[in-house]
Amino acid sequence: MHVGIVFALTNIFPALECLAMKQPAPHAASNICLLFRQVRDGLAQWIEQDMADHGHALNLSQFLVLRKLEVLGPMSAIDLSRAIDHNPGAMTRLLDRLEEQGFLRRAPQAGDRRALRIELTETGAALSHQLRDSADRAADHALRTLNAEEREQFVRLLERVHASL
């Protein structure tokens, strides 16, 4: 089991114990942000390791660029940096590396030749489709101790939290 997931899960157990005893978790409000970060980091590590195990030498930012472009379609570099919550200044280097590998291209924007849109190549689209499996395996691994009903409830609760932000 990957260290990040183990670390994240060890921080969940005290909160679960408090819930089981119907006691509030100590400092629950301040710990929730840390817990979200630890779960995110654990999933990121798991996804990166899974990609490496399947022959894809990519980092999480590269994974996110490819997946966002497949799901949302071509967009500007600034829109892409917002979509993956990435520093716009670092986005150029990230896109350069993916373009050098043949996974994306910069194409002139229709109606404004000065503007460029970022789009997947056929190779990038095929890779992004494969990378979806890494995300699915990571989610399955992280949620493996929950039954189907608990998974559905967990996702609904996360969606409600996300919608409130």
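Select helices α3 and α6: their crossing is left-handed (the near helix is turned anticlockwise from the far one by less than a right angle; clockwise would be right-handed). Helices here are DSSP runs of H or I with at least four residues, strands are E runs of at least two, and both are numbered from the N terminus.

This is a predicted model, with residues numbered from 1 along each chain. Local features need pLDDT of at least 70, side-chain atom pairs count only at pLDDT 80 or more, totals for chains, interfaces and linings use all residues, and side-chain values use heavy atoms, without hydrogens and water.

Stay on α3 (residues 60-72) and α6 (residues 122-142). Their axes lie 9 Å apart, at an angle of about 110 degrees (lines fitted to C-alpha atoms over the stretch in contact; angles run from 0 to 180 degrees between N-to-C directions). That makes the pair roughly perpendicular (65 to 115 degrees).

Show side chains next. On α3, pick F63, L66, R67 and E70; among their α6 counterparts are L127, H129 and R132. Contact means heavy atoms within 4.5 Å.

Select S61, Q62, V65 and L66 in α3, then M91, L94, L95, R97 and L98 in α5.

Strands β1 (residues 104-109) and β2 (residues 112-120) run antiparallel, joined by six bridges (pairing takes at least two DSSP bridges). Click R105: its bridge partner in β2 is E119. Finish at G111. Two residues separate the strands, and G111 takes a positive phi near 90 degrees.

Terms used: Parallel < 35°, antiparallel > 145°, perpendicular 65-115°, else oblique.
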